[in-house]
Amino acid sequence: VARDEQNRTLGEAGEKWVIQWERRRLESEGRSDLAQRIEWVSKVQGDGTGFDIQSYNADETLRYIEVKTTNGNVQTPFLISRNEVTFSQEESQHFYLYRVFNFRSDPRLYILSGDLEECVSLVAQEYRASPK
């Protein structure tokens, strides 16, 4: 339970950090109007949408952002749900994974876009079982 709470707190802190980063990005592109329209979807609607933040590109097209945050280095594996992978496939033109690492000491970021199955190596960690 304590570990789940720590992960939830870290995830929320990473999402907040990305929202601030996104606002600076849009403002530097001369789109303060779009920076004000960023929505923290996971906070408002909860998990399960397939992404955490709805933002924009400078041309006003949508940017669906899934944030994955760890305190480890750039090579640290992270968990991703089947729902998030499926959403990345359905919305590949608008989907972005923001990978935040070294969060505690010196937050860094890299961005992947499109279908996650084409961007990362996915390894099954668990299965859903039900009676036959």
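These legends accompany close-up views of a predicted model. Residues are numbered from 1 along each chain as its sequence is written, and side-chain values use heavy atoms, with hydrogens and water left out. Because the model is predicted, local features need pLDDT of at least 70 and side-chain atom pairs count only at pLDDT 80 or more, whereas totals for chains, interfaces and linings use all residues.

**View A. Helix H1 and its buried residues.** Helix H1 (residues 2–28) has 27 residues and spans 39 Å from its first C-alpha to its last, close to the 39 Å expected at 1.5 Å a residue, the expected span being 1.5 Å times one less than the number of residues. Helices (H or I, at least four residues) and strands (E, at least two) are DSSP runs, numbered from the N terminus. Among the buried residues of H1 are Leu10, Trp17, Ile19 and Leu26, where buried means under 20% relative accessible area, exposed over 50%, and partly exposed in between (1.4 Å probe, protein chains only). The buried residues of H1 pack against H2, H3, S1, S2, S3 and S4, contact meaning heavy atoms within 4.5 Å.

View B. In H4 (residues 82–90), Glu84, Val85, Phe87 and Ser88 are buried. The buried residues of H4 pack against S2 (62–69), S3 (95–101) and H5 (116–119).

**View C. Positive phi at Glu60.** Glu60, in the loop between S1 and S2, has a positive phi of about 80° although it is not a glycine. At 46% relative accessibility, Glu60 counts as partly exposed.
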